[in-house]
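Reader: Could you walk me through this model, one feature at a time?

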Amino acid sequence: MADLIPILSYVTFFLCFAVIFAVMALGLNLQWGFTGLFNVGVAGFVAVGAYTSAILTAPPYPDSLGGFGLPVAAGWVGAMIMSGLVALVVGVAALRLRHDYLAITTFGVAVTLQLVALNARWLTGGPFGLQFIPKPFQDLLGTGLAWNMAYLAMSLAVLGLVYVALERLVKSPFGRVLRAIREDETAAEALGKRAFSFRLQSFVIGCMVMGLGGALYAHFVGYIAPEDFLPILTFQIWTMLIVGGSGNNRGAIAGALAVWLLWSLSGTVLRQIIPQSEQARGAALQIVLIGVILAAMLIWRPRGLVGEVIGTPAGKDEKGNTGKKA
Amino acid sequence: MLQLIADGLIVGSVISLGAIGVTMTYSILRFANFAHGELLTWGAYLALTFLGFFVALGGAGPMQPIGPFSFGWPLLAALAAAALMTALLALLVDWLLFERLRAHGTAIVLVIASFGAALAMRNLLQFIYGTLPDYYSREIQIAIRLVPRDVMGGMRITPDQLFVLALTAVTVVLLHLFLTYTTLGKAMRATAHNPALARLTGIDVRAVIRAAWIIGAVLAAIAGVFSGLTVQIRPGLGFDLLLPLFAAAILGGIGSVYGAVAGGLIVGLAESLSVPLFGAEYRAATAFLVLIAILLVRPTGLFGERS
Amino acid sequence: MIALCCTDIVAGYEPGLPIVRGASISVRQAEIFAILGPNGSGKSTLVKAVAGLVPILSGKVMLGDEDITAVPAHRMIGRGLAFVPQTENIFANLTVADNIDLAASIMKVDKRRRLPEIYDLFPDLARQKSLVAGRLSGGQRQMLACARALVTSPRVLMLDEPSAGLSPRLVGVVFDNLRQVRATGVTIVLVEQNVKAALALADRATVLVEGKDRITGPSGELASDAEIAALYFGHGGAGKAA
Ligand SMILES: Nc1ncnc2c1ncn2[C@@H]1O[C@H](COP(=O)(O)OP(=O)(O)OP(=O)(O)O)[C@@H](O)[C@H]1O
Ligand SMILES: [Mg+2]
């Protein structure tokens, strides 16, 4: 019985991360899966959410802005608002242009935000990041398994809410317009300015969800640093979405679970077989592995494990849900 | 002030060479290749490996520098060999990945794939070479004073830096002659303009794509070695240059080689001149500001033909 | 003799969605053959499929006695089939001379002999060799597109709506050029909206409806055929046909 506790601990810990990643993947799915917007700055928007929530909720920091000691829920809402605002600025600049410009711009945003996280000590604490981020209900539950399980339940509830909200959104007339924009460039052009506004809304909402994911992450781990939001995070979320099947919210969740499982397993295996001195190389190999999986999925199973359920017109099956035409 | 301009031009020439490759693959393959930066890194590291090999081949002892430079013939030979290998690497990645995705015909999927390829390539490199920075030569170079200190702060430049500037200029001129006067060069411009019409004209688009990869990769390897020579060799070398490369290519106008060169120099200068304004730590964000500015003001770029 | 023979062509842009559904045409040596039909009937798709730009799902294309069904687009010109698309049919970023030279260099044509012939046929172009092609007027663009296609001396020249967007006077000039080209022994296949002008130019024509050839015959007969009129009026193509 006593042996079960560490296993249960590990499983809870693992699932918590999976659920947090799933939230981020849902945000990306709204953008890419349903609207065909290519966001390479996922890590940046997640970082905005994480830092915002930390600054709002933590006890006062001696050498940087905040923390304001607000309730965690306020932090989460603030995280969504800040990520949404950044997305608004980026979207206005880049969404009118051809879609790879959005990719490049969001990439630039992530790089710039990474620099800010590293260097703006007054705001982000610099390379050491922010600590003492409150863990909700910790005074009640302590720091052990009980708290982890409670946080897992909370994250699951958030995931459920986000899922239901997004499902309703994409099944609404709004969602149908988004898919029309994604599928058909001419339909999008016919909508003209309205298409831009639809794209912008989808982009902002998606980024808000990513920001919420960042906040969930910050309060689970308790401290954040710039290195938590490197491009590799963007890459992981993308792989989760592609593996699960973009254009399908359940796919995004399944993909998050599958890729996180694979990532954790491959990490464990590599740590076992690679000597201590070569651990850095092992980590590099892990990323190569995930890169190869992403590429293989794109080539052989572009619809992902689950694939798109709604809005796939018969006869377009072969092309799958890979978005707009070249 | 003059010193900042000189520094900016040197960084700018590295960016220019890289941006030519970006703009070329963008206009012919029609996607933004996020893996292009990794070609610079691989070029720099492959040259390091070949350098070791050639130095060992030429007998024990460090390489004999040529004239005032910090490097000798082995580095030039290594540069050539690395450029060749980088071209093969680009063709290999295209064959393994991009060619298969092109068949499905969705350009944006290629961008995702290139993003994955970039991380895989960089980490493979880290796996092979480790993460510590390296140098081609430990020779200390004496900077030449070109402008005395009392004229706008003066300007000093090392022979290696002059070499980089000169070879960049030569490369760009050669590329210009190639694109303007050879059949393959014209075929490449034609394909960039209209691939379907190019096929009707008898151009084998696959051959043109191969040529674009080879030229892009060779220039990337040169840029990578130059960056290694003037700064240092690191696994993040190319990835950190990616944003400046894109900014330069878009600033110049996608598809325009001269635009990419001008864009590269402008981004290099902007980076260098921003240092006294925002501090060295935000230098890398300058390219982003340039990018946003050009997207808002003139998204077709300075020399762009198409939107 | 038959220069180009297409049998039961089925072709389309996406699998399972054929646009051309079993079209057959057969074009005689050195004749001018027009493909007519209402908007969206698949005329452009048919000629693009023959040229190798759109996948042929079934059917057979014979150029003389060679089967060219599966030949990729960039090899067609080597087999003697040239195609001028309706729009974007010149390289606007190259000079006039480079537009013409490029095909000649790739196909290793004897330029010293062939280029003067081409410039004789299109004297307007000879005067503007070093101009960037994007600066040409509409009519001159169409000529350049023809010149580009003809420089390799194809046996069959296909054109998609060469008269589109041109003034009636320019249409006359372009069609005169086509007559001259035919006089050199080249077989011409053209898609046209401009029914009257096309029937006046062509020796024979076919009417394509919903991806199938409905009626084929000598131009004179088709011009007086009531069914054609019905097809056009029936599909609202009358405006352009007039
Ligand atoms: N690139 C394409 N991808 C998918 N469908 C296409 C494409 N081009 C044309 N179509 C479809 O094929 C059908 C036939 O088009 P096509 O251009 O062959 O007709 P057409 O007879 O040339 O008409 P028009 O007289 O207007 O030129 C149309 O329904 C059109 O929507
Ligand atoms: Mg047509």
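This is a predicted model: local features need pLDDT of at least 70, side-chain atom pairs count only at pLDDT 80 or more; totals for chains, interfaces and linings use all residues.

Reader: How many residues of chain B are in contact with chain A?

Author: Contact means heavy atoms within 4.5 Å. On that basis, 46 residues of chain B meet 41 residues of chain A. Buried area is the accessible area (1.4 Å probe) that two parts lose on being put together, summed over both. Here chain B and chain A bury about 4,000 Å², 79% of it on carbon and sulfur atoms. Ile108(B), Ile112(B) and Phe127(B) supply 17% of the area that chain B buries against chain A, more than any other three residues.

Reader: How many salt bridges are there between chain B and chain A?

Author: A salt bridge is a side-chain nitrogen of Lys or Arg within 4 Å of a carboxyl oxygen of Asp or Glu. Between chain B and chain A the count is zero.

Reader: Which residues have the most contacts inside the largest nonpolar core?

Author: A nonpolar core is a set of buried Ala, Val, Leu, Ile, Met, Phe, Trp, Tyr and Cys residues joined through side-chain atoms within 4.5 Å. Buried means under 20% relative accessible area, exposed over 50%, and partly exposed in between (1.4 Å probe, protein chains only). The largest core has 231 residues, and those with the most contacts inside it are Ile224(A), Phe229(A), Phe34(B), Tyr136(B), Leu4(C) and Met158(C). Apart from it lies another core, of 51 residues, including Val96(C) and Leu115(C).

Reader: Is Leu39(B) buried or exposed?

Author: Leu39(B) is buried, at a relative accessible area of 3%. Leaving out residues up to four places away in sequence, its contacts include Thr86(B), Met121(B) and Ala221(B). Leu39(B) also lies 8.8 Å from Gly216(B), C-alpha to C-alpha, although the two are 177 residues apart in sequence.

Reader: What should I look for in phi?

Author: Most residues other than glycine have a negative phi. Ala30(C) has a positive phi of about 60° and is partly exposed, at 25% relative accessibility. Lys108(C) also has a positive phi, near 55°, and is exposed, with a relative accessible area of 72%.

How values were computed: Residues are numbered from 1 along each chain as its sequence is written. Chains are lettered from A and ligands numbered from 1 in the order in which they are written. Side-chain values use heavy atoms; hydrogens and water are left out.
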